[in-house]
Amino acid sequence: MPTIFTVFVLLVTFISGVMFADRTQKSGQKEKSTWNTDDSKAYAQDKLTEWQHEQWLCLDNLWSKESNWQPTAYNKVKVMGKNAAGIPQLLGLDPTTPPTIQIERGLDYIYNRYKTPCEAWENHKKRSEEHTSELQSPCNLVCRLLLEKK
């Protein structure tokens with residue numbers, strides 16, 4: 001279901017297209033375009049805002065799932081000898097680190113590893129699905145137990 005923001009962006013895009021078509025046509029004859037650099041900059045800014053909103057939704061989903069945005073979140077399960085903590089659940093992060101620094105470090109990690117919050121969110125969902133299917137497979141649990149006994 002489209003969000004209110006998406007509907008708004010589509011409506012603005014449609015209206016902009018109608019207005020641009022009206023400005024470039026006169027009595028059925030094509031007239032020289034009045035599109036200028038300011039129009040180009042405004043259009044690019046609108047597209048960037050749309051992209052930023054999409055990236056924000058992915059980041060919100062990711063960190064809601066990881067820590068529910070709690071700066072003191074702490075995962076007792078160690079990975080590579082370290083615990084994950086904070087809003088972004090970074091390995092080795094002290095949960096007493098100020099939230100602003102946690103967010104900056106988390107965003108740095110996302111940009112360096114995944115390039116965008118949406119790529120990070122997609123990776124997280126994929127890993128979660130793989131883990132869930134492994135646990136739900138009846139053979140995996142039995143096979144693991146049998147292999148551990150050997």
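**The disulfide and its surroundings**

Modeller: Let's begin with two cysteines: both C58 and C118 are buried, where buried means under 20% relative accessible area, exposed over 50% and partly exposed in between, with a 1.4 Å probe and protein chains only. Before we go on, this is a predicted model, in which local features need pLDDT of at least 70, side-chain atom pairs count only at pLDDT 80 or more, and totals for chains, interfaces and linings use all residues. Residues are numbered from 1 along each chain as its sequence is written, and side-chain values use heavy atoms, with hydrogens and water left out.

Biologist: Thanks! How many disulfides does the structure hold?
Modeller: The structure holds one disulfide, a term for a pair of cysteine sulfur atoms within 2.5 Å. C58 and C118 form it, with their sulfur atoms 2.1 Å apart.

Biologist: Which parts does the pair of C58 and C118 tie together?
Modeller: C58 lies in helix α2 and C118 in helix α4 (residues 117-136), so the pair ties together parts that are 60 residues apart in sequence. Helices (H or I, at least four residues) and strands (E, at least two) are DSSP runs, numbered from the N terminus.

Biologist: And is that disulfide right-handed or left-handed?
Modeller: Right-handed, because the torsion about the S-S bond of C58 and C118 is about 85 degrees.

Biologist: Which residues make up the largest nonpolar core?
Modeller: There are ten: C58, L59, L62, W63, I87, I110, Y114, C118, A120 and W121. A nonpolar core here is a set of buried Ala, Val, Leu, Ile, Met, Phe, Trp, Tyr and Cys residues joined through side-chain atoms within 4.5 Å. The elements that give two or more residues to this core are α2 and α4, and the largest share, four residues, comes from α2.

Biologist: What does W69 do with W63?
Modeller: W63 and W69 form an edge-to-face pair, 5.4 Å centre to centre with 70 degrees between the planes. Ring pairs link W56, W63 and W69 into a cluster.

Biologist: Is each of those three buried or exposed?
Modeller: W63 is buried, with a relative accessible area of 2%. W56 counts as partly exposed at 41% relative accessibility, and W69 counts as partly exposed at 25%.

Biologist: Now the sheet. In what order do its strands come?
Modeller: Three strands form an open sheet in the order β3-β4-β5, and the pairing is antiparallel. β3 (74-79) and β5 (90-91) stand at the edges, each with a single partner strand, so one side of each is left without a neighbour in the sheet. Two strands pair if DSSP finds at least two bridges between them.

Biologist: How many bridges do β3 and β4 pair over?
Modeller: Three, in the antiparallel sense, with β4 spanning residues 82-85. The bridge partner of N75 in β4 is A84. β3 and β4 form a hairpin with two residues between them, and M80 in the turn has a positive phi of about 55 degrees.

Biologist: How many buried residues does β3 have?
Modeller: Zero among its six residues, so to speak hardly covered.

Definitions and conventions: Rings of Phe, Tyr and Trp (its six-membered ring) pair if their centres lie within 6.5 Å; planes under 30 degrees apart count as stacked, over 60 as edge-to-face and the rest as tilted.
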